[in-house]
Amino acid sequence: MKAPGAPLTRTPFLLNVGVRSLVYLVVFLLVIPAGNWLLPNPDAEGTINISRDDIVFSFAVLFVVTFLLEVNTLLGQNVLLAFITGRYHRPRVEQRVFLIIDMKNSTAAAERLGEVAFHGLLNRLIGDLSGAIVAHKGEIHKYVGDELIATWPLAEGLKPARCLLACFDAIQRMAALGPSYEREFGQRVEVRAALHCGPVVVGEMGSFKKEIALIGDTLNTTARLVDACRETGEPVIASAALLEQLVVPTGIAARALGPIRLHGKKSAVELVALQARSGR
């Protein structure tokens, strides 16, 4: 599933905003006479006359709205609204689900492709993964190198197992797009993923560059689960703490790995390997 307006995402920001605004304006101007023709009002006198000032004003309004929507896209889902409302001006603790998806063999790919071509591969990879996550109500939190970090408020991620469905839909999508990646970049791309949940502190951070930061052991533990994927060879690992709170979809098989000591953690963590059942 391509993002709306996908061809424009490769254009400079202001050109993108301007073209979108112009398209919306044309649609708006066409809708008015079409509506009058489809639903004529016998009591109305004459037709609606649209002046040049009306067109300029409409374009300006559409430009501002489109600009704000695109800024929201640059900052991340709902981040602009959070800044405007001051929701996280004072840090607050939230229960969240985290999903980290990491590209396998990225170092070898970067060495073979070179920096510019590898950037193109990562850019496409992130776009393809994000579509599946957003489709399941997930928020794209951050890109860290070849990793994508997604999050859900706990209740949103658990019902109906949106976090798991997003993860496996993303993996399935990468498998389906394998031939396309092979033609464009000379290789198929495989990913590994980790899921965990728990409390994090959410708040505004920075002065010259601001962001909504999510800080806490929960996110650090999720990153350690990615390391566990590398060490065990499992494509997807989730914490038992997460799986205990949801119903695993029938198309996903779960296998307990037992308590595993993660790097930097004092206590072992109960982990579960997840895999799509054949025919899913």
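Analyst: What follows looks at the aromatic pairs and then at some other local features.

This is a predicted model, in which local features need pLDDT of at least 70 and side-chain atom pairs count only at pLDDT 80 or more, while totals for chains, interfaces and linings use all residues. Residues are numbered from 1 along each chain as its sequence is written, and side-chain values use heavy atoms, with hydrogens and water left out.

As background, the protein has 10 helices and 8 strands, where helices (H or I, at least four residues) and strands (E, at least two) are DSSP runs numbered from the N terminus. Of its 280 residues, 39% are buried; buried means under 20% relative accessible area, exposed means over 50%, and partly exposed lies in between, with a 1.4 Å probe and protein chains only.

A pair of aromatic rings is described by the distance of the centres and the angle of the planes. Rings of Phe, Tyr and Trp (its six-membered ring) pair if their centres lie within 6.5 Å, and planes under 30 degrees apart count as stacked, over 60 as edge-to-face and the rest as tilted. By this rule the structure holds 2 aromatic pairs. One of them joins Phe-59 and Phe-63, whose ring centres are 6.2 Å apart and whose planes stand at 40°, so this pair is tilted. Both Phe-59 and Phe-63 belong to helix H2 (residues 52-75), where they are 4 residues apart, about one turn of the helix. Phe-59 counts as partly exposed because its relative accessibility is 29%, and Phe-63, with a relative accessible area of 25%, is partly exposed as well.

Tyr-181 and Phe-185 form a pair with ring centres 5.9 Å apart and planes at 35°, so this pair is tilted. Tyr-181 and Phe-185 lie in helix H8 (residues 178-185), again 4 residues apart, about one turn of the helix. Tyr-181 has a relative accessible area of 0% and is therefore buried, and Phe-185, at 8%, is buried too. Tyr-181 also has a charged neighbour, for Arg-124 lies over the face of Tyr-181, at 4.2 Å from the ring centre; a charge sits over a ring if NZ of Lys or CZ of Arg is within 6 Å of the ring centre and within 35 degrees of the ring normal.

A cis peptide bond, with omega at about -10°, joins Lys-159 and Pro-160, and Pro-160 lies in the loop between helix H6 (154-158) and helix H7 (162-176). Ala-161 is placed in the loop between H6 and H7, and Ala-161 has a positive phi of about 55° although it is not a glycine. Ala-161 is buried because its relative accessible area is 2%. Asn-105, which is not a glycine either, has a positive phi of about 55°, and is found in the loop between strand S1 (92-103) and helix H4 (106-113). Asn-105 has a relative accessible area of 61% and so counts as exposed.

Glu-234 is buried because its relative accessible area is 15%. Leaving aside residues up to four places away in sequence, Glu-234 touches Cys-229, Arg-255, Leu-257 and Ala-273, where contact means heavy atoms within 4.5 Å.
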